[in-house]
Amino acid sequence: MIEQPFWNPILETLPREKIRQLQLRKFKQIFKWAYNHSKFHKLLYVNAGIKPEDIRSFDDIRKIPTVEKSMMRDIQGKEPFPYGDALCVPLEEVTVFRQTSGTTGQPVYQPDTWQDWEWWMECWSTILWAQGYRPMDKVFIPFGYNIFVAFWAGHYAAEKIGCEVIPGGVLDTKARILKIQELRATAMMGTPTYILGMAETARMKMNLDPAHLTINKITCAGECGASIPSTKRRLEDAWGAKVYDHAGATEIGAWSFECLEQPGGMHVNEALFLVEIADMETGEIIEEPGRQGRMIITALDRQAQPCVRFDSKDVIEWSKEACPCGRTSRLIKGGVVGRADDITKVKGVLLAPSAIEEVVRAVDGLGDEYEVIVDKVGDADRIQLKVEVLPEAQNRCRLIEATLSDQLRLKTNLRYDIEICGCETLPRYEVKAKRFKDLRKKEK
Amino acid sequence: MQPQLDLEQINSRVQLLKRTAEELNQLGENFPALTRNMVRIMASIKMLEINITDVFALRARD
């Protein structure tokens with residue numbers, strides 16, 4: 001029998017016009033569901049003068065107001081407690097609580113029914129199958145199973161696929177590495193920051209080369225890193241494994257993934273999500289490739305707390321290329337490029353933190369960690385960049401600094417005050433890293 | 001590389017499964033070991049509908 005590359009060979013290869021028909025039909029259903037079951041959504045739509053029967057085309061969808069995270073924060077804590085009136089099912093049908101990580105403010109609560117949880121697993125099953133996970137895999141999950149959704153659904157999806165799943169819960173980093181070695185795990189999931197940190201621990205503190213372990217594929221999430229070519233290269237070199245990106249969020253679902261082809265972008269799972277890209281300034285919906293904008297997303301099947309035209313603030317752009325893997329879903333070029341919140345003007349120039357990471361991780365002799373601090377000296381913006389030099393490159397500090405400075409100017413059109421630090425002096429992170437600090441906001 | 005699948009057949013079995021699950025659920029009042037398992041089974045059936053019935057409905061319209 002020929003190996004089946006698709007989790008759902010029908011949905012994943014649907015002709016484009018069929019995908020669009022499916023999306024429109026499912027959007028109408030989820031909009032009607034939210035309108036009829038959530039007071040929050042109904043009020044939003046009544047105020048905009050939109051009823052379910054008004055939705056006949058994608059142009060009609062664009063007239064529907066978006067939902068922002070701040071709106072979800074405002075309703076939570078109210079009745080039905082603690083979710084507020086966006087809840088579409090009786091409280092007794094909620095089986096799972098999760099909350100957002102709070103990276104951008106007060107965490108948002110997320111209720112899910114068992115059906116929603118099955119749906120989460122379905123999203124992740126599509127991802128893992130596309131990345132080559134099969135029943136023979138032993139999947140190690142170095143994640144502190146907690147209130148964040150993170151890799152919970154990845155865990156259950158791997159089980160559903162038939163993999164053997166090893167939960168690396170409360171173990172420390174060294175114990176996790178030893179468990180991978182002991183059980184000969186073949187796959188792993190984590191944030192790029194933590195996966196790089198594990199490799200560093202193995203090398204520096206255990207005298208062990210992670211590339212000699214049995215991990216052959218790693219699924220990353222939570223940060224842009226695995227789609228940044230230089231970071232991906234570092235991850236793959238460190239572990240001797242293929243590294244695949246995926247994007248998801250607590251209030252959205254796991255909506256995008258890189259496939260085995262690693263096509264320089266991620267597939268949008270368009271059977272389960274409707275992704276729109278809105279121009280950052282005008283809000284106009286961008287259809288053509290090559291223009292970055294903010295993602296507006298709808299989870300087409302999520303029940304308890306629907307996600308309808310949610311303004312995720314993820315910055316993405318459509319790719320003009322189709323993927324050679326045969327999936328007909330659209331690709332977003334280079335994955336999630338950043339967050340609209342993080343892209344900031346420095347010295348009048350738009351700066352995305354991911355652009356700095358791409359340069360730092362491409363410079364030979366630098367460690368994986370870095371820190372960026374933007375502040376003001378008098379009226380002028382200043383960018384300080386702290387990097388670590390590896391022990392074997394200590395005698396090349398000047399050359400490294402010059403290379404870094406040149407590459408940064410080329411890539412970001414900005415000048416940086418570079419501080420070369422010793423190895424292991426910058427903060428380490430277990431989950432999502434906070435390497436970019438804009439102190440100008442606090443100074444105002 | 002789409003396999004030759006009889007979507008109509010598959011979908012009709014999914015619908016049969018759904019009807020059976022709904023009937024079982026109604027029979028199981030005050031029988032937690034039945035009803036709570038049915039919640040899970042019906043959630044799985046919903047995933048089959050997302051994977052199969054929704055596409056079948058699309059094709060059936062042509």
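**Contacts of A:C123.** I looked up A:C123 beyond its neighbours within four places in sequence, and found contacts with A:A153, A:G253, A:A254, A:N269 and A:L272. In contact means that the C-beta atoms, placed from the backbone, lie within 7 Å. I note that this is a predicted model: local features need pLDDT of at least 70, side-chain atom pairs count only at pLDDT 80 or more, and totals for chains, interfaces and linings use all residues. Residues are numbered from 1 along each chain as its sequence is written, and chains are lettered from A and ligands numbered from 1 in the order in which they are written.

Buried or exposed? I checked A:C123. A:C123 is buried, because 26 other C-beta atoms lie within 10 Å (buried: 20 or more other C-beta atoms within 10 Å; exposed: 12 or fewer; partly exposed: in between; C-beta atoms placed from the backbone). A:C123 sits in helix 5 of chain A. Helices (H or I, at least four residues) and strands (E, at least two) are DSSP runs, numbered from the N terminus. I also took the C-alpha separation of A:C123 and A:F257: 9.8 Å, at 134 residues apart along the chain.

**The sheet.** From A:F257 I moved to its strand pairing. The bridge partner of A:F257 in strand 9 of chain A is A:H267. A:S256 stands opposite A:V268 in strand 9 of chain A. Strand 8 (residues 253-257) and strand 9 (residues 265-268) of chain A pair antiparallel over 2 bridges. To pair, two strands need at least two bridges found by DSSP. Strand 9 of chain A is also joined to strand 13 of chain A, antiparallel, by 3 bridges. There I found A:M266 bridged to A:I332 of strand 13 of chain A.

What is the strand order of the open sheet of 8 strands? I read 4-3-5-6-7-8-9-13 in chain A, with mixed pairing. Strand 4 (164-167) and strand 13 (331-333) of chain A are the edge strands, each pairing on one side only. The twist averages 30 degrees from one strand to the next.

**Helix on helix.** I checked helix 7 (residues 173-183) and helix 8 (residues 192-206) of chain A: their axes come within 10 Å and cross at roughly 90 degrees. Axes are lines fitted to C-alpha atoms, for helices over the stretch in contact, and angles run from 0 to 180 degrees between N-to-C directions. Helix 7 and helix 8 of chain A are therefore roughly perpendicular to each other (under 35 degrees is roughly parallel, over 145 roughly antiparallel, 65 to 115 roughly perpendicular, the rest oblique). Helix 7 of chain A contributes A:T173, A:K174, A:R176 and A:I177 to the contact. Among the residues from helix 8 of chain A are A:G197, A:M198 and A:T201.

**Domains.** Chain A is divided into domain 1 (1-340) and domain 2 (344-443), with bounds from an automatic or database domain assignment. Their C-alpha centres lie 29 Å apart. I found 19 residues of domain 1 of chain A in contact with 14 residues of domain 2 of chain A. Helix 8 of chain A gives the most to the domain 1 side, with 5 residues.

**Chain A against chain B.** How many residues does the contact take from chain A and from chain B? I got 15 from chain A and 15 from chain B. Helix 5 of chain A supplies the largest share of the chain A side, 5 residues.

Methods
Two residues are in contact if their C-beta atoms, placed from the backbone, lie within 7 Å.
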